[in-house]
Amino acid sequence: MSSLIGKRIGELKTLLQEKQVSAAEIAEAHLDHIKNNDSQTHAFLNLTEELARKQALAVDQKLARGEDPGALAGIPVAIKDNISVAEYPLTCGSKILGDFIAPYNATVAEKLFTAGALCLGKATLDEFAMGSSNENTSFPVPRNPWDIDRVPGGSSGGPAVSVASGYSAIGIGSDTGGSIRLPASFCGIVGMKPTYGLVSRFGLTAYASSLDQIGPFARSVEDAAITLSVLLGEDGKDATSLRAPFEKSGEQAPDLDFVQGLKKDNAPDYLKGLRVGVIADFLSDAISPEIKAQIDKVRKVLGDHGAIVEEVTVSHIKEALPVYYIVATAEASANLARFDGVRYGARADSPSDITTLYNRSREAGFGDEVKRRIMLGTYALSSGYYDAYYKKAQQVRRLIKESFDRTFERFDVLLSPTSPSTAFKIGEKVDDPLTMYLCDIATLPANLAGIPGLVLPCGISTEEKKPLPVGLQLLAGQLKDAVLIKTAFALEQVLPPETYESPVLKAAI
Amino acid sequence: MITAKDVEHVARLARLSLTEEEKSLYTDQLSRILDYFSALDQIDTTGVEPMSHPVSATNVLRSDTVVNPPGHEKMLKTAPDKEDAFFRVPKISD
């Protein structure tokens, strides 16, 4: 039989149902691939082999009894290591958590496991999900499987590298300012940040609570849609998880059936009459010419299929960058106050008093970027500066949200580049935090407005020595996640065919 | 503009005992970042209600049913230092 690596969810399910392969064999094939190759890519911080084997056995037993094994039965998954999996280490990419073992499952982990997914391991990240390149970590920096001298993007670098390398069919990340979409773009895969509140954050280590959202990585839009369908839902353990959309019925209810209706034959019809706004603010000279060329290609394809494509400016969208870095760091400074060496994690040796214990545990445990953001957030919240920074940022945040609301009266979806460049070299931007922050300029407006965003590979750049994928970003209004998925699915069918197989994946197929 | 003294003050608030090297690095970097943020000053926000959350959520209460939380023994397992049912820390006051 051919390799089990690189298969889509549908293909693996068919193989399982036709008894051509067992879930145990799927787990072992992927674990072998990781063990043979991840020493060069560093996608995983810890493997959860025993859990994967136990889960595979359960799926095989259900299949043998003729029971429904679940929507993700036998599908290998990599979970970002700021999401709790019970009885396994949770590092958040930080030294401060020491040898912490998660006492319970995150709600999304529980949902994935109930659906039959096979958890292969905890995937690497920027420390506490703060970063755009995944270089902010006290563990090995993960490598882009297209070119191992380049970054995979952050902060969810690990799950993106895992999916792009074929270590797992799907990945789970978190996105606070682009942390799913940026690595998806750099690694040539699909990544989606759903509408804020659609997926429970219980068990996700909080970075910026009003911006954090969990979402899927996959190698096709359909696989991302299947995964998101498993993740979503109201959760009594997360006060900000949405209840209303799941209670409404009939025409009032938002379309949350992401998988039904994704039919390849009639997919292009969806584009006919679709109103697409190309965000003009992100077509400046700061964007690499080749990315602009790819966006132009997509515009033309959309137009050829009957979409109404227009350029649009979204007022204040460029100020999203300062607004984000004030709001996010302010929330982070409060959220990360809990890491003080008292109840869990690493504690400084023999401190004389409690304040010294806090100060030294935090100084030794946090990395450079985390400290920088805590400092920035504490400053923005401090007496005398609160109005000038935090309050001002929250006011402009509302202007940005309202600006999006007005724009979505005229357009069904918005289109933009994901980032000004393709994956850059490791070390290239580490010394200049502000330049690094600019990577997120196109992704973070969606988090401020709470709207869904999806990244889809749209071409291969040949500007550098090795080919690198280019991702486009689609945005839609709150709870219009289905519009985003249907648009992306249609685009996937009509864009020039391309397999988007990284060298690490290709070698294993 | 942020001074070395500001950085020391903020580090104290944030419970971080920064090294001298970090203090000078952060003074420089935070100054440049805050300088960039001053772009916000140009925007007229008179009368704009600050937005703290992306969705207009109302408070909801969970139904009053008995659940089984992990329990203090399980949560204490991850403590760096403990005694009986408590987290142990150095002396807090004289």
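**Exercise 1. A bridge between two strands**

Which residue in β6(A) is the bridge partner of Gly191(A)? Find it in this predicted model, then describe how the two strands run.

*Solution.* Start with the strands themselves: β5 of chain A covers residues 190–193, and β6 of chain A covers residues 213–218. Gly191(A) pairs with Phe217(A) in β6(A). Now look at the directions: β5 and β6 of chain A run antiparallel, and two bridges join them. As a reminder, strands of a sheet pair through backbone hydrogen bonds, either parallel or antiparallel.

**Exercise 2. From one pair to the whole sheet**

Work out the order of the strands in the open sheet of chain A, and explain why β1 and β8 of chain A each have one side without a neighbour in the sheet.

*Solution.* Step one is to trace the order: β1-β3-β2-β4-β6-β5-β10-β11-β9-β7-β8, making 11 strands with mixed pairing. Step two is to look at the edges. There stand β1 (44–47) and β8 (308–312) of chain A; each has a single partner strand, so one side of each lacks a neighbour in the sheet. Step three is the twist, which averages 30° from one strand to the next.

**Exercise 3. Helices on the sheet**

Describe how α9 and α16 of chain A are placed relative to β10(A).

*Solution.* Take α9 (residues 289–304) of chain A, which lies across β7, β8, β9, β10 and β11 of chain A. Helix α9 runs at about 110° to β10(A). Next comes α16 (residues 481–494) of chain A, which packs on the sheet and touches β5, β9, β10 and β11 of chain A. The direction of α16 makes about 15° with that of β10(A).

**Exercise 4. A salt bridge within a helix**

Find how far apart Glu49(A) and Arg53(A) are along helix α3 of chain A.

*Solution.* Their side chains meet in a salt bridge, at 3.1 Å from N to O. Both belong to α3 (residues 49–64) of chain A, and because they are four residues apart there, about one helical turn separates them.

**Exercise 5. Where the chains meet**

Describe the contact between chain A and chain B: how many residues does each chain give, and how much area is buried?

*Solution.* Count the residues: 67 come from chain A and 51 from chain B. The buried area is about 5300 Å², with carbon and sulfur atoms giving 69% of this. On the chain A side, Met375(A), Tyr379(A) and Arg398(A) lose the most area to chain B, together 12% of what that side buries. Finally, check the charges: four salt bridges are counted between the two chains, and in one salt bridge the side chains of Arg347(A) and Asp81(B) meet at 3.9 Å, N to O.

Methods. Residues are numbered from 1 along each chain as its sequence is written. Chains are lettered from A and ligands numbered from 1 in the order in which they are written. This is a predicted model: local features need pLDDT of at least 70, side-chain atom pairs count only at pLDDT 80 or more; totals for chains, interfaces and linings use all residues. Side-chain values use heavy atoms; hydrogens and water are left out. Contact means heavy atoms within 4.5 Å. Buried area is the accessible area (1.4 Å probe) that two parts lose on being put together, summed over both. Two strands pair if DSSP finds at least two bridges between them. Axes are lines fitted to C-alpha atoms, for helices over the stretch in contact, and angles run from 0 to 180 degrees between N-to-C directions.
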